[in-house]
Structure formats: C-alpha cells, structure tokens
Amino acid sequence: MKRHAWKALLVALLAADAVYYALAGTPSKAVDAAAWLVLLVLFEIEARCVRADTPEGYRSALRFARLIAAAGVVAATAGYLFEDNVLDTVNSGVWIAVVILLEVEFRYPSLVARARVAFGSVAVALYGGLAALVAIWAWRGEWFDAYDAALWLIAFATIEMDAVKA
C-alpha cells in the first residue's frame, strides 16, 4: 500500500473512532478523539504543505487551529481527572509528551540531528509506554480502547518516521 493511501486509511479509521466516541462514549472521550484527530491532520498538513514561502496568514491559521485542538486535549485530560479515569489520564499525558517531541522534531531539525540518539531514546520510551497502555487495556478486556490506542500509536509512529526521515 502506498504511503499516502496508508495515511488516508489511518485517518478514516480514526475518524470512525471519533464518531463512535461522540455517539457512545463519555464527553471526555469524544472531545479527546476529535481534538487528537484534528492535531494529527494539522501535523500532516504542516509537514506536506508549509514551506518557507508559505504566506504568514496560512501559518497563523494553522497555529490557531492547533491551539484550539490542544485546548481540547487539555480539556479532555481534565475531564479524565475529574472522572477519576487514571488510565486515560496517563495516556493523555504520554501523548502530550509525544506531541511536544514531534513539535521539536519539526521545528528544530538541526537540534534533532545533533542529538539523534537522545531524541530516538525519548521516542522509544514514549511509544513503549503507549504500547504498554494498549496491553493494559487488552488485559482488562477493554478491546475497543485497546484497538483505538493501538491505532493512534500506529498513526503517530508513522508521522514520527516521516519526521526522522526529514
């Protein structure tokens, strides 16, 4: 499967998950799924479309959209805390760390090139933690949560591989 078709399939599956959580999940899960989906799409748009000659208005609109999506992530994480949902709270915290890592990789490639081993080690630790959460959900018999978490892990690992190649 070609890379763009693979990414389109991932986005379609994640969009279906967001719809499911909007219809059958808690408000925190619905906001969480939608906000992360928007962030994923914005990362992809920025990676593929934003260049040095991209108009500032376009860049500002992307930054504003990312800010709104990030606010959704923070709101969902707060919701998980209020719901006393420890697993989803930890999951959100690790994902926030992944996004920070991706931001640094996209914005400061020369820094990443100088410290490739350190950045690679952090990425492995974060993604390993996320994989452990998938296993915990599966062990608890929460199959849809395990599937959803695995799908997100695959989607962001795909972006991470793109960032490392750049």
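Residues with under 20% relative accessible area are classed as buried. Lys7 has a relative accessibility of 15%, so Lys7 is buried by this criterion. The model examined here is a predicted one.

Lys7 takes part in a salt bridge with Glu44, with 3.1 Å between the closest N and O atoms. This pair joins distant parts of the chain. Lys7 belongs to helix α1 (residues 3-24) and Glu44 to helix α2 (residues 27-49), and the two are 37 residues apart. Glu44 also counts as buried, because its relative accessibility is 18%. In total, nine salt bridges are present in the structure.

A salt bridge also connects the side chains of Glu46 and Arg66, at an N to O distance of 2.6 Å. Arg66 sits in helix α3 (residues 56-82) and Glu46 in α2, so this bridge ties together parts that are 20 residues apart in sequence. Glu46 and Arg66 are both buried.

Within helix α4 (residues 86-107), Arg107 is paired with Glu103. The closest N and O atoms of this salt bridge are 2.8 Å apart. Glu103 and Arg107 are four residues apart in α4, which means about one helical turn separates them. Arg107 has a relative accessibility of 34% and therefore counts as partly exposed. Together, Glu46, Arg66, Glu103 and Arg107 are linked in a network of salt bridges.

Glu46 and Arg66 also belong to the packing contact of α2 with α3. The axes of these helices come within 8 Å and cross at roughly 155°. Angles over 145 degrees count as roughly antiparallel; α2 is therefore roughly antiparallel to α3. The crossing of α2 past α3 is left-handed. On the α2 side, the contact is made by Ser28, Lys29, Val31, Asp32, Ala35, Trp36, Val38, Leu39, Leu42, Ile45, Glu46 and Cys49. On the α3 side, the contributors are Tyr58, Leu62, Ala65, Arg66, Ala69, Ala70, Gly72, Val73, Ala76, Gly79 and Tyr80. By class, the residues of this contact comprise 16 nonpolar, three polar and four charged.

The loop between α2 and α3 contains Thr54. Thr54 counts as buried because its relative accessibility is 11%. With residues up to four places away in sequence set aside, Thr54 touches Cys49 and Arg59. Of these, Cys49 is also listed in the α2 contact with α3.

Helix α4 packs against helix α6 (residues 116-139). Their axes are 10 Å apart, and the packing angle is about 155°. This angle makes α4 roughly antiparallel to α6. The passage of α4 across α6 is a left-handed crossing. From α4, the contact draws on Leu87, Asp88, Val90, Asn91, Val94, Trp95, Ala97, Val98, Leu101, Val104 and Glu105. These meet Phe119, Val122, Ala123, Leu126, Tyr127, Leu130, Leu133, Ile136 and Trp137 of α6. The contact residues divide into 17 nonpolar, one polar and two charged.

How values were computed. Residues numbered from 1 in each chain as written. Predicted model: local features only at pLDDT ≥ 70, side-chain atom pairs only at ≥ 80, totals over all residues. Heavy atoms only, no water. Salt bridge = Lys/Arg side-chain N within 4 Å of Asp/Glu carboxyl O. Buried < 20%, exposed > 50% of the residue type's maximum accessible area, 1.4 Å probe, protein only. Axes fitted to C-alpha atoms, helices over the stretch in contact; angles between N-to-C directions. Parallel < 35°, antiparallel > 145°, perpendicular 65-115°, else oblique. Left-handed = near helix turned anticlockwise from the far one by under 90°. Contact = heavy atoms within 4.5 Å. Nonpolar A, V, L, I, M, F, W, Y, C, P; charged D, E, K, R; others polar.
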